[in-house]
Amino acid sequence: MGLSVTISAADAQDAEHILKLQYLCYQSEAELYGDWSIEPLTQSLDALRAELDEGYGLVARLGDEVVASVRARLDEDGTVRIAKLIVHPRMQRHGLGGRLLDGIERHFGAETTPAEPSAKRFQLFTGHRSEGNLRLYRSKGYAQVAARELGPKLTLVTLEKAAA
């Protein structure tokens, strides 16, 4: 009998597993852009823990192994900033990235308390050459709203969609 992938909220105990997975997953991005100093490859464990404390994260597990993750936070203006959507290379192209995006949108889509209003929009970014990422985001209804050249090798594409 095979294991099924489960998705749940990330907590402090997941931080080290997420960081290791993040390092693995961003190797291909670093190679694609010729830049090994990108923030996901240099982020410290303490900085990752702070992101989890300040926002919301999800992990996907295959058994006990963390095989995918995403983090997000809601700004004062109602924008949910989604970051570091990662899926283990052997688990890519199986819908996990889409399931994680759906989970983030569900979490922030309904007003839970007056102190935590619901989202007005969801926003994320990726590099202009990251075709798989762009394809996934567009298939989930995200549209390009900005592009910013960060250097000769990288243009950052910002995508957004309105909250339902």
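Colleague: What are the ground rules for the values here?

Modeller: It's a predicted model, so local features need pLDDT of at least 70 and side-chain atom pairs count only at pLDDT 80 or more, while totals for chains, interfaces and linings use all residues. Residues are numbered from 1 along each chain as its sequence is written, and side-chain values use heavy atoms, with hydrogens and water left out.

Colleague: Why is Gln 123 called buried?

Modeller: Buried means under 20% relative accessible area (exposed is over 50%, partly exposed in between; 1.4 Å probe, protein chains only). Gln 123 has 18%, so it is buried. Gln 123 lies in strand E5, residues 121–127; strands are DSSP runs of E with at least two residues, helices runs of H or I with at least four, numbered from the N terminus.

Colleague: What makes the link between the side chains of Gln 123 and Glu 160 a polar contact?

Modeller: That takes a pair of N or O atoms within 3.5 Å; within protein, one must be able to donate a hydrogen and the other to accept it, and residues adjacent in sequence count only if both atoms are side-chain atoms. Gln 123 and Glu 160 come in at 2.7 Å. The Gln 123 side chain has another such partner in the side chain of Arg 81, at 2.2 Å.

Colleague: And why is Ala 10 called buried?

Modeller: Ala 10 has a relative accessible area of 17%, so it counts as buried. Ala 10 sits in the loop between strand E1 (5–9) and helix H1 (15–25). Leaving aside neighbours within four places in sequence, Ala 10 is in contact (heavy atoms within 4.5 Å) with Ile 18, Leu 52, Gly 57, Leu 58 and Val 59.

Colleague: What makes a set of residues a nonpolar core?

Modeller: The members are buried Ala, Val, Leu, Ile, Met, Phe, Trp, Tyr and Cys residues joined through side-chain atoms within 4.5 Å. The largest one has 26 residues, and among those touching the most other members are Val 80, Ile 82 and Phe 108. Helix H5 gives the largest share of this core, five residues. Apart from it lies another core of 15 residues, including Ile 18 and Tyr 26.
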